[in-house]
Amino acid sequence: MKKAVFLLMLIVFFSCKKETPVVADSIVKTDTNLALYGNWVGDFVVVDSDSLADETDFMYTNKINLVIKKIEKNKVYGQSIVAGNSRPLLGEITMVNGKPCFILKEPGDRKDDGRFEFAFFNDTIEGKWLVNNKKYPVWERKFKLTKQVFKYNPKLMLPEDGDYIDWFSGRTDSIAPPDEEAQYSEVFRSASDIITKLNASTTLLNESDLKNLKKLELEIIRNTIFARHGYTFKKKSFRQFFDPVDWYIPVTDDMSGKLTLIEQKNIVLLNRFQKYAEDNYDSFGR
Amino acid sequence: MNPFLKEYKKILWQLCFAWFFILMLTITLKYSSFDSNVAFLQIKQTEVNSIPPYLFIFYMHVCSGIFSLLAGFTQFNNRILTNKKGVHKVMGKLYVVIVLLLAAPSGFFIGLFANGGLYAKISFVVLAVLWFYFTLKAFLEIKKRNILMHKKWMLRSFALAFSAITLRLWKVILVYLFHPAPMDVYQVIAWLGWVPNLLVIEYYIFKTQNK
C-alpha cells in the first residue's frame with residue numbers, strides 16, 4: 001500500500017514537471033525585450049579614477065561583455081564579464097522618453113563592485129559604470145556596446161596584421177644606455193607570426209611543432225584556445241593580445257568541461273614547454 | 001712571466017673551473033630522481049616514448065659525463081703530475097674508461113636525436129667521434145710511454161669534454177644579447193660549443209711546441 005502511495009506521488013510529481021512548458025508562456029510574452037537580450041560587447045574606458053593611485057594598477061581600457069539575460073516586468077537579470085571577473089547583475093528597467101534605461105547592480109560584496117547605468121539606442125547600449133567603494137582606484141568607466149553573438153569556433157586565429165609585443169612584462173634592464181632612447185624591441189618580448197599560424201584547437205601538436213617557440217609564443221598559443229571559448233583573462237598581459245581582436249568575446253571565467261580533447265592534450269604539452277622555457281631559456285644549461 | 005703571477009693565474013683558472021664544475025653538478029643533480037620527464041627531458045618526450053633505449057642512454061651520458069670533468073682538477077696540474085703520479089694515473093684511468101665506454105658512445109647515440117635539426121645532429125655526432133678518437137689516441141700513446149704525444153691528445157680530448165661548459169656558456173651569452181628562438185640558438189651553440197675549444201687548444205699546442 002505504501003508503495004502504491006509512493007508511486008502515485010511520483011506520478012503526480014512528474015506530471016507537475018511536465019507542466020513547466022506552460023510557465024514558459026510568460027517568457028514568450030516578454031518577446032518585446034528579445035532585442036535586448038544577449039552579449040553587449042565593447043570597450044570599457046576609464047573616465048574617473050583616484051589620482052593618487054598607481055596607474056599600473058588598472059587598465060585604461062578593457063573589453064567588456066554586458067549580458068542581458070532576462071527581463072521580467074521591470075526586473076532585469078544580467079552578467080558583466082570583464083578583465084577576468086564575471087559578476088551577476090540585478091536591476092531595473094525604466095522607460096525614459098520612450099527609451100529603455102537600465103540600472104544594474106553588481107552584488108556589492110567586493111571592493112571593485114559597482115553599478116551600471118545605461119540606455120538602449122537602436123542597436124547600441126551606452127552608459128557608465130560607477131564604483132561603490134571609492135577605495136578602489138577606478139571610480140567611473142564609460143562604454144558604448146554593440147550586440148554580438150558568441151559561438152565557439154575552433155578555427156579562429158589571431159589576426160596576422162597584429163604586433164604581438166608584450167608591453168607589460170618587459171625586461172627592466174634596458175640595453176641602451178640611460179641617456180639614449182631605449183630600444184623597446186630589445187627590451188620587450190615580442191612574438192613571431194607563428195602564433196597566427198599554429199592552431200592548438202584544431203590540430204594535435206607535437207614536440208617538434210613547439211621546440212623553437214619562446215615562452216611568450218607558447219603562452220599566446222595556449223591562451224588563444226581559451227579565447228576561442230570566450231574565457232575572460234585576469235592578467236592584463238594576456239588581455240592585451242585578445243581584447244583588440246574582433247572575434248574575441250569574453251563570456252565566462254570558468255573553463256571546466258569546455259575544452260575539447262585535442263585542446264586538453266595540447267595544453268598539457270604547451271604547459272610543459274612553457275615550464276621548460278621558464279626554467280632554461282636564459283640559464284646555464286641546455 | 002713572473003712565477004708568482006703564473007701561480008696566481010693558475011689558481012684563478014682552477015677557481016673558475018671549480019665554479020663551472022659546480023654549475024654542471026647542479027644540472028646533473030636535477031636528474032637524480034631518474035625521472036623520465038625532468039629538466040631537458042621535458043622537451044624530449046617524443047624520443048623517450050618512441051626510442052626504447054633513449055632514456056637509459058641519456059642517463060648514461062648524464063651520470064658519466066660529470067665524472068669526465070673531474071679530470072680538469074687533477075690532470076693538468078704540474079704539482080700532481082710530478083709529485084703524485086699515482087693520483088694522475090688513477091684519475092687518468094677513470095677518465096679514459098668513462099669517456100671510451102660510457103660518455104662518448106652515449107653522446108654519439110643521443111647526438112643522433114639532438115634538437116636543432118640536421119646540422120646540430122652532425123655537430124654532436126662528430127663531437128662524440130672526435131672525443132672518442134682523441135681519448136683513445138692519448139691512451140695508446142701513454143701505453144707506448146710517449147708522454148709528449150699523450151699530453152697533446154689529452155689536451156684535445158679534454159678541450160672537447162670542456163665543451164659541456166662552453167656550450168652552455170655560449171648559450172647564456174647569445175640569449176642575453178639577441179633573445180633568439182630556442183632552437184635557433186641551439187643550432188649555433190652545437191658548433192660554437194666545441195670548435196673554438198679545439199682551435200684554441202691547437203694554437204696552445206703549437207705555441208708550446210715551438211718554445
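This is a predicted model: local features need pLDDT of at least 70, side-chain atom pairs count only at pLDDT 80 or more; totals for chains, interfaces and linings use all residues.

## Structural briefing

Taken over all chains, the structure holds 15 salt bridges.

**A salt bridge in chain A**

- Arg87(A) forms a salt bridge with Asp113(A), and the closest N and O atoms of the two lie 2.7 Å apart.
- This pair links distant parts of the chain, since Arg87(A) belongs to strand β4 (residues 85-96) of chain A, while Asp113(A) sits in the loop between β5 (99-105) and β6 (114-121) of chain A, 26 residues apart.

**The barrel of chain A**

- Eight strands of chain A make up a closed barrel in the order β1-β2-β3-β4-β5-β6-β7-β8, with antiparallel pairing, and from one strand to the next the twist averages 30 degrees.
- Within chain A, strand β7 (residues 124-131) pairs with strand β8 (residues 138-148) in the antiparallel sense over seven bridges, and Thr124(A) has Thr146(A) in β8(A) as its bridge partner.

**Helix packing in chain B**

- Helix α8 (residues 147-161) and helix α11 (residues 195-209), both of chain B, pack at an angle of about 155 degrees with their axes 9 Å apart; because angles over 145 degrees count as roughly antiparallel, α8(B) is roughly antiparallel to α11(B).
- The crossing in which α8(B) passes α11(B) is right-handed.
- Residues making the contact include Leu155(B) and Ala159(B) of α8(B), together with Leu198(B), Ile201(B) and Ile205(B) of α11(B).
- By class, the contact of α8(B) with α11(B) comprises seven nonpolar, two polar and three charged residues.

Definitions and conventions. Residues are numbered from 1 along each chain as its sequence is written. Chains are lettered from A and ligands numbered from 1 in the order in which they are written. Side-chain values use heavy atoms; hydrogens and water are left out. Axes are lines fitted to C-alpha atoms, for helices over the stretch in contact, and angles run from 0 to 180 degrees between N-to-C directions. Helices (H or I, at least four residues) and strands (E, at least two) are DSSP runs, numbered from the N terminus. Angles under 35 degrees count as roughly parallel, over 145 as roughly antiparallel, 65 to 115 as roughly perpendicular and the rest as oblique. A crossing is left-handed if the near helix is turned anticlockwise from the far one by less than a right angle, and right-handed if clockwise. Contact means heavy atoms within 4.5 Å. Ala, Val, Leu, Ile, Met, Phe, Trp, Tyr, Cys and Pro count as nonpolar, Asp, Glu, Lys and Arg as charged, and the others, Gly among them, as polar. Two strands pair if DSSP finds at least two bridges between them. A salt bridge is a side-chain nitrogen of Lys or Arg within 4 Å of a carboxyl oxygen of Asp or Glu.
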